[in-house]
Amino acid sequence: MKKKSVKLGKFGESLAADFLKSMGYNILHQNYFSNFGEIDIIIQKENIIAFVEIKTRSSNFETCLNSISRRKQKKIIKTALIYIENNPKFEDFIFRFDVIAIVIKNQQPRILHIEDAFSPLN
């Protein structure tokens, strides 16, 4: 990945974390890794745990959303299953997969939070 892309991605993750906190979510983990892949942010609010994929672009929301392939979703799902297995205290919680798309144009970020963006049953 190019240096500029990494920098933009990290900036987007920081914006997303601040946004999620402002919406009342607790951040449980950032950059959670397994042998299958990474989950950008894991959040909790009441009895819901959400595994959040964050995409930041300088173009438009469509390019953000199109960059989350089914293959990427499967990696996130497998990593989430490991997280759930390693955290039995969340056994009775509701789990979902969210996406946060961030578009930054003219140094003005726009954030789109899609709850339940994809499902392990798809």
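Biologist: Which pattern does the protein follow when read along the sequence?

Modeller: This is a predicted model, in which local features need pLDDT of at least 70, side-chain atom pairs count only at pLDDT 80 or more, and totals for chains, interfaces and linings use all residues. Residues are numbered from 1 along each chain as its sequence is written, and side-chain values use heavy atoms, with hydrogens and water left out. Helices (H or I, at least four residues) and strands (E, at least two) are DSSP runs numbered from the N terminus; the protein has 3 helices and 5 strands. Along the sequence, their pattern is α-β-β-β-α-α-β-β.

Biologist: What radius of gyration does the protein have?

Modeller: The radius is taken over C-alpha atoms, and the globule rule is 2.2 Å times the number of residues to the power 0.38. For 122 residues, a compact globule would have a value near 14 Å, and the protein agrees with this, at 14 Å.

Biologist: What percentage of the residues of the protein count as buried?

Modeller: Buried means under 20% relative accessible area, exposed over 50%, and partly exposed in between (1.4 Å probe, protein chains only). Of the 122 residues, the buried share is 39%.

Biologist: How many aromatic pairs does the structure hold?

Modeller: Rings of Phe, Tyr and Trp (its six-membered ring) pair if their centres lie within 6.5 Å; planes under 30 degrees apart count as stacked, over 60 as edge-to-face and the rest as tilted. Counted in this way, the aromatic pairs number 7.

Biologist: How many residues apart in sequence are the parts that the pair of Tyr32 and Tyr83 ties together?

Modeller: Tyr32 and Tyr83 form an edge-to-face pair, 5.0 Å centre to centre with 90° between the planes. Tyr32 belongs to strand 1 (residues 26-33) and Tyr83 to helix 3 (residues 70-86), so the parts tied together are apart in sequence by 51 residues.

Biologist: Is Tyr83 buried or exposed?

Modeller: The relative accessible area of Tyr83 is 1%, so this residue counts as buried.
Tyr32, at 15% relative accessibility, also counts as buried. For Tyr83, the term is therefore buried.

Biologist: In which strand does Phe51, the partner of Tyr83, lie?

Modeller: The ring centres of Phe51 and Tyr83 are 5.8 Å apart and their planes stand at 80°, so this pair is edge-to-face. The pair ties together parts that are 32 residues apart in sequence, because Tyr83 lies in helix 3 and Phe51 in strand 3 (residues 48-57).

Biologist: Which residues do ring pairs link into a cluster?

Modeller: Phe51 and Tyr83 are both buried. These two belong to a cluster linked by ring pairs. The cluster consists of Tyr32, Phe51, Tyr83, Phe90, Phe93, Phe95, Phe97 and Phe118.
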